[in-house]
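Please look through the sequence and turn the model slowly before reading on.

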Amino acid sequence: MTLGIIIQARMGSTRLPGKVLRDISGKPLLAHVLGRLQMLKRPAKIVVATSSADENDIIETWCLQHGVSCFRGDEADVLDRYFECARSLGMSDIVRLTADNPFTDIEELERLIDLHQKQGFDYTHAFGQLPIGVGAEIFTFEALSRSHREGKLPHHREHVNEYFTDRPELFKIGQLDIPPTKISPNLRLTVDTEEDWKRACALAAQAGGNWLGTEEAIRLCSSSA
């Protein structure tokens with residue numbers, strides 16, 4: 001199995017333009033996302049997948065400067081971008097992350113990958129219980145290929161996972177059980193608005209250069225509410 005981690009990133013966010021390179025505690029958001037993955041124990045091909053739009057040249061430049069693989073594909077057809085990226089790099093299983101989630105829980109990501117592999121799922125996710133922006137998903141290249149081939153609706157092309165969730169009868173789907181101490185599905189730990197960005201900056205500052213765990217993030221957000 002060749003595990004791949006594809007991080008989708010683009011500068012053209014409507015609510016928070018340029019957010020993926022916006023500073024959080026002294027380094028850009030994308031650097032936080034990639035930094036978390038250094039804690040992953042298993043080998044994986046990690047690549048940032050952005051689009052061929054000119055405004056994303058700066059993402060490719062940043063990646064090149066920091067020794068990060070970068071793939072460029074379709075701006076609107078994100079499903080095609082993922083498919084072509086995974087195909088070109090020979091990935092057999094693909095973790096999907098986004099560049100606006102600086103607090104991905106690596107411990108749960110490890111458990112997610114284990115569950116996916118051991119149970120032979122086509123698509124496995126850790127959504128619905130963890131704080132928003134902390135979970136992840138993984139799918140086989142075969143499942144991605146089928147989604148790419150059969151998913152024709154606009155939302156299938158824009159959102160990589162929605163053919164899986166629209167047609168669950170076609171795929172073997174798994175969901176990770178989450179420890180009770182990490183359950184906080186209404187807490188936003190993604191960065192999609194100015195308020196999200198301020199929260200992320202505050203959490204990163206309180207972490208003092210350490211990687212903030214999910215339980216600690218929940219505690220800090222609860223105490224400041």
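This is a predicted model: local features need pLDDT of at least 70, side-chain atom pairs count only at pLDDT 80 or more; totals for chains, interfaces and linings use all residues.

Residues are numbered from 1 along each chain as its sequence is written, and side-chain values use heavy atoms, with hydrogens and water left out.

The chain has nine helices and nine strands, where helices (H or I, at least four residues) and strands (E, at least two) are DSSP runs numbered from the N terminus. Its radius of gyration is 17 Å, close to the 17 Å that the globule rule gives for 225 residues, so the chain is as compact as a globular protein of that length; here the radius is taken over C-alpha atoms, and the rule is 2.2 Å times the number of residues to the power 0.38. Taken along the principal axes, the C-alpha atoms fill a box of roughly 45 × 40 × 30 Å.

How much of the chain is buried? Buried residues make up 53% of the 225 residues, if buried means under 20% relative accessible area, exposed over 50%, and partly exposed in between (1.4 Å probe, protein chains only). The chain exposes about 10300 Å², and carbon and sulfur atoms supply 50% of that area; accessible areas come from the Shrake-Rupley method with a 1.4 Å probe, and for residues only the protein chains shown count as cover. Among contacts (heavy atoms within 4.5 Å) between residues at least 6 apart in sequence, 69% join residues at least 24 apart.

Helix 3, residues 78-88, is mostly covered, since eight of its eleven residues are buried. The buried residues of helix 3 include Val-78, Leu-79, Tyr-82 and Phe-83, and also the charged-type names Asp-80 and Arg-81. After helix 3 comes Gly-90, whose phi is positive, near 65°. Most residues other than glycine have a negative phi. With that in mind, it is worth looking at Ser-25, which has a positive phi of about 55° although it is not a glycine. Ser-25 sits in the loop between strand 2 (23-24) and strand 3 (27-28), and with a relative accessible area of 47% it is partly exposed.

The next stop is the end of the sequence, where Cys-221 is found in helix 9 (residues 214-224). Is Cys-221 buried or exposed? Because its relative accessibility is 13%, Cys-221 counts as buried. Not counting residues up to four places away in sequence, Cys-221 touches Leu-187, Leu-189, Arg-199 and Leu-203. A disulfide is a covalent bond between the sulfur atoms of two cysteines, and the rule used here asks for a pair of cysteine sulfur atoms within 2.5 Å.

Pro-185 lies in the loop between strand 9 (173-175) and helix 8 (194-207), and it is partly exposed, with a relative accessible area of 34%. Although Pro-185 and Gln-129 are 56 residues apart along the chain, their C-alpha atoms are separated by 4.7 Å. Leaving aside neighbours within four places in sequence, Pro-185 is in contact with Gly-128, Gln-129, Leu-130 and Ile-132. Ala-205, in helix 8, counts as exposed at 52% relative accessibility, and its C-alpha is 8.6 Å from that of Ile-24, a residue 181 places away in sequence.

Thr-165 belongs to helix 7 (residues 162-166) and counts as partly exposed at 46% relative accessibility, while its C-alpha atom and that of Gly-35, 130 residues apart along the chain, are separated by 30 Å.
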